[in-house]
Structure formats: C-alpha cells, structure tokens
Amino acid sequence: MFDTAITQARDLLRWRSPLRTELWAARLTGELEASEQEDVPGRVAAFLRRLAKDGSPEARLTLAALAIVNGPAEPEDREERPYTMAGEGVAVSLPGWVARMGRVTCDGGWYGKGDPYGEQVLAALSFRYDNGKEPHVLVVGIDQPSGGLAVDAVVEEAKFLDELELRPTPPESVAARILDAFELTDRVLGAQVADTLPGVRPFAIARARSLLTRTHDASPGHADGGVPGRARDTASEITLHGLPDVPGAREAFGKLVEFVGDRPLWWSPARVSQFLTRWLPREAILSEEAITAMPEVVRAWSRQQGGQPEVLRRVDEEAPRLAALMADESLASLQKRLAQAGDARSGRD
C-alpha cells in the first residue's frame with residue numbers, strides 16, 4: 001500500500017489539484033482503516049510512521065492530505081487524531097496549492113427526496129476553493145427506514161444538481177444532517193451501506209464540519225438521551241398547505257406531525273398503513289372530531305408529499321377502518337391506557 005500511495009502522490013504533485021488530492025486521501029483513509037479493522041491492527045500508525053521516515057515530497061503530500069480530510073471535530077481533540085498529529089505543519093514544505101486543501105467556500109445547500117416515497121433523502125452541499133476554482137457538489141444519501149443512516153455519498157461537478165429535485169436549504173442545516181447521519185451509521189454495527197461510502201466518508205465529514213465550525217459547535221449534539229439531534233425538524237417547521245377546513249383537522253394534523261417526527265419526507269404506502277392502523281390506535285388520544293377529520297388530513301398530506309397514486313390508494317384502503325381501530329382498547333399501549341385513565345379521573349373530579 002505504501003509504494004502505491006507514493007506513486008499516486010507523485011502524479012498528484014504534477015496535477016496540482018486540491019480536490020483530486022483530498023478525494024484520493026479520503027479513499028486512502030478508507031483502505032487503511034478497513035485493513036486495520038479486518039486483519040492488520042496498527043496499520044494506520046505504521047503507515048504514518050513510514051511516511052514520516054521517508055520524508056519525500058510524495059510522502060509529505062500524503063501526510064498533509066490525510067491530515068486535512070481527517071481533522072478533529074474540535075481543536076482540543078487533535079491529539080486523538082493520528083492523521084492530524086502526523087501531518088501537522090507538513091503543508092508549508094510543499095507547493096502553494098497544497099495549502100488550499102480544505103479551504104473552501106460553500107455556495108449553497110439543498111435537501112429533498114431521493115425517490116418518490118422519500119425512503120432515501122439527499123443532502124447536498126456545493127463548494128469551491130477559496131481561489132474560486134474546482135467547484136464541486138457533495139451529495140449524501142440518508143436512509144429513512146433505517147433511522148436516518150448515511151448509506152451513500154458522491155462528489156460530483158456542480159451541474160450534477162441539475163438532475164436532482166432538491167429544495168434550497170440553509171447549508172448549516174444540511175451539514176448538521178450529514179454529520180448526524182454519519183454519527184448514526186457509526187453506531188450501527190454492520191450497517192448496510194454502499195461499497196463506495198467508506199472512501200468518501202472522511203471527505204464528506206470534513207466538508208460538513210467546515211461549515212459548522214465557522215458558526216457554532218460542530219461536536220455531536222444529543223437532543224434526546226444521547227441520540228444525535230442537531231438537525232431535527234420541529235412541529236413549527238412542518239406545515240400542511242391546504243389544511244382541510246373541517247372540525248378536528250388541526251388536532252389530527254398535530255398527531256401526524258408527532259408521527260412523522262424528524263423524517264417528514266418519508267411517506268410511502270407502508271408508512272401510511274403504519275400510521276393509520278398501528279401507531280394511531282396504539283399511541284394517540286384523539287377527539288371524535290379529530291378521528292373523523294384524520295383521513296382528509298392524511299390525504300392532504302399525501303398530496304403535499306407528491307400525491308403518489310399508491311400512497312393515495314393506501315389511504316383510501318386503510319381510512320375506513322380507523323374509527324373501529326381507535327375504539328379497540330386492546331390495541332392501546334400501556335402509556336395510552338394510563339393517560340386515558342388519568343383523564344377519566346380528572347373528569348370525575
């Protein structure tokens with residue numbers, strides 16, 4: 001691996017491309033860490049020591065690039081990052097273009113569905129280097145049914161965005177979503193991700209952190225019980241245009257918002273069934289007016305989410321059962337039963 005890296009670094013010194021070099025360093029990181037996890041403990045440390053001992057321009061470029069794409073979340077964490085320590089100060093001994101690595105300006109952020117049902121959403125950030133050159137787009141695929149894991153990522157030319165139907169979103173919000181998704185992925189042993197993701201992951205995390213460190217704390221946020229939570233949608237951010245003008249509609253929509261939570265773009269036939277036939281009877285306490293209004297609210301929400309025919313058909317199939325399911329006390333969770341019992345006592349008092 002060392003000889004191959006030196007050969008590739010020699011080519012990169014001729015090409016003088018910060019972007020190409022950073023992407024190469026990210027792939028090299030993925031290869032190093034995969035080998036260390038699988039069969040060669042200590043591979044990363046040994047590789048870095050050999051680079052430092054070699055001292056050639058190619059070795060120093062490799063150290064500098066690895067340090068850039070594997071920087072710590074916080075300056076005080078630098079001693080815990082072997083790449084950072086090994087590559088510190090190396091860039092000054094190399095051609096000037098090397099110092100531009102990692103020094104980027106964000107041109108915008110985008111977020112939206114990656115498929116008709118929003119089972120995978122796409123978080124995109126557009127960058128260019130501080131000298132205005134090498135514009136590029138980072139796109140991260142975030143899987144919703146698995147809980148919001150980062151499952152794929154690509155770096156493409158800026159025109160790649162023209163092929164995606166994403167909505168403009170504040171870049172800091174997109175960056176936070178990306179970091180949350182990667183943190184969740186790291187927590188899941190054996191997470192199913194694209195084969196190419198490990199080779200882009202360091203680059204993606206470095207780009208996202210570059211935005212948050214300019215504005216506020218980029219360390220992992222824990223909104224609820226240690227679960228990453230920098231970028232959660234709130235009830236005030238989820239709106240329904242054209243809320244049905246029927247009694248109970250606002251109450252019904254409030255429960256729908258509670259259900260979709262921080263994944264409002266994920267709305268599939270299976271998700272409709274889960275909401276109407278399982279979650280509502282198990283968890284929700286609703287007035288009769290809200291129960292009656294719920295099918296129309298769900299239809300309106302489904303239209304806002306793209307009006308997919310299969311989704312609307314599923315609403316029509318499941319909605320007639322809702323009233324009976326809500327009346328079936330055997331379906332209620334313990335928490336719901338306790339809340340209903342408390343309401344009944346309050347009513348008697």
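Ser17 is placed in the loop between H1 and helix H2 (18–38); helices (H or I, at least four residues) and strands (E, at least two) are DSSP runs, numbered from the N terminus. The structure is a predicted model, in which local features need pLDDT of at least 70 and side-chain atom pairs count only at pLDDT 80 or more, while totals for chains, interfaces and linings use all residues. Residues are numbered from 1 along each chain as its sequence is written, and side-chain values use heavy atoms, with hydrogens and water left out.

Ser17 counts as buried because its relative accessibility is 8%; buried means under 20% relative accessible area, exposed over 50%, and partly exposed in between (1.4 Å probe, protein chains only). A polar atom of the Ser17 side chain lies 3.0 Å from the backbone nitrogen of Arg20. When residues up to four places away in sequence are not counted, Ser17 touches Leu12, Trp97 and Glu134, where contact means heavy atoms within 4.5 Å. Arg16 also lies in the loop between H1 and H2. Arg16 has a phi near 55°, which is a positive value in a residue other than glycine. With a relative accessible area of 49%, Arg16 is partly exposed.

Helix packing was examined for H1 and H4. Two packed helices are described by the angle between their axes and the distance between the axes. The axes of helix H1 (residues 2–15) and helix H4 (residues 57–69) come within 8 Å and cross at roughly 90°. H1 is therefore roughly perpendicular to H4. Axes are lines fitted to C-alpha atoms, for helices over the stretch in contact, and angles run from 0 to 180 degrees between N-to-C directions; angles under 35 degrees count as roughly parallel, over 145 as roughly antiparallel, 65 to 115 as roughly perpendicular and the rest as oblique. On the H1 side the contact is made by Ala5, Ile6, Ala9, Arg10, Leu12 and Leu13, and on the H4 side by Pro57, Glu58, Ala59, Leu61 and Thr62. By class, this contact of H1 with H4 has eight nonpolar, one polar and two charged residues. In this scheme Ala, Val, Leu, Ile, Met, Phe, Trp, Tyr, Cys and Pro count as nonpolar, Asp, Glu, Lys and Arg as charged, and the others, Gly among them, as polar.

Glu134 is found in the loop between strand S2 (120–129) and S3. Its phi is near 50°, a positive value in a residue other than glycine, and Glu134 is partly exposed, with a relative accessible area of 26%. The backbone oxygen of Glu134 lies 2.8 Å from a polar atom of the His136 side chain. His136 belongs to strand S3 (residues 136–143) and, at 1% relative accessibility, counts as buried. The side chains of His136 and Arg207 make a polar contact (3.3 Å). A polar contact is a pair of N or O atoms within 3.5 Å; within protein, one must be able to donate a hydrogen and the other to accept it, and residues adjacent in sequence count only if both atoms are side-chain atoms. Leaving aside neighbours within four places in sequence, the contacts of His136 include Leu19, Val104, Phe127, Tyr129, Glu156 and Phe203.

Glu283 is in helix H9 (residues 269–283) and is partly exposed, with a relative accessible area of 30%. The Glu283 side chain makes polar contacts with the side chain of Arg282 (2.9 Å) and with that of Ser333 (3.5 Å). Glu283 and Ala332 are 49 residues apart in sequence and 6.4 Å apart in space, C-alpha to C-alpha.
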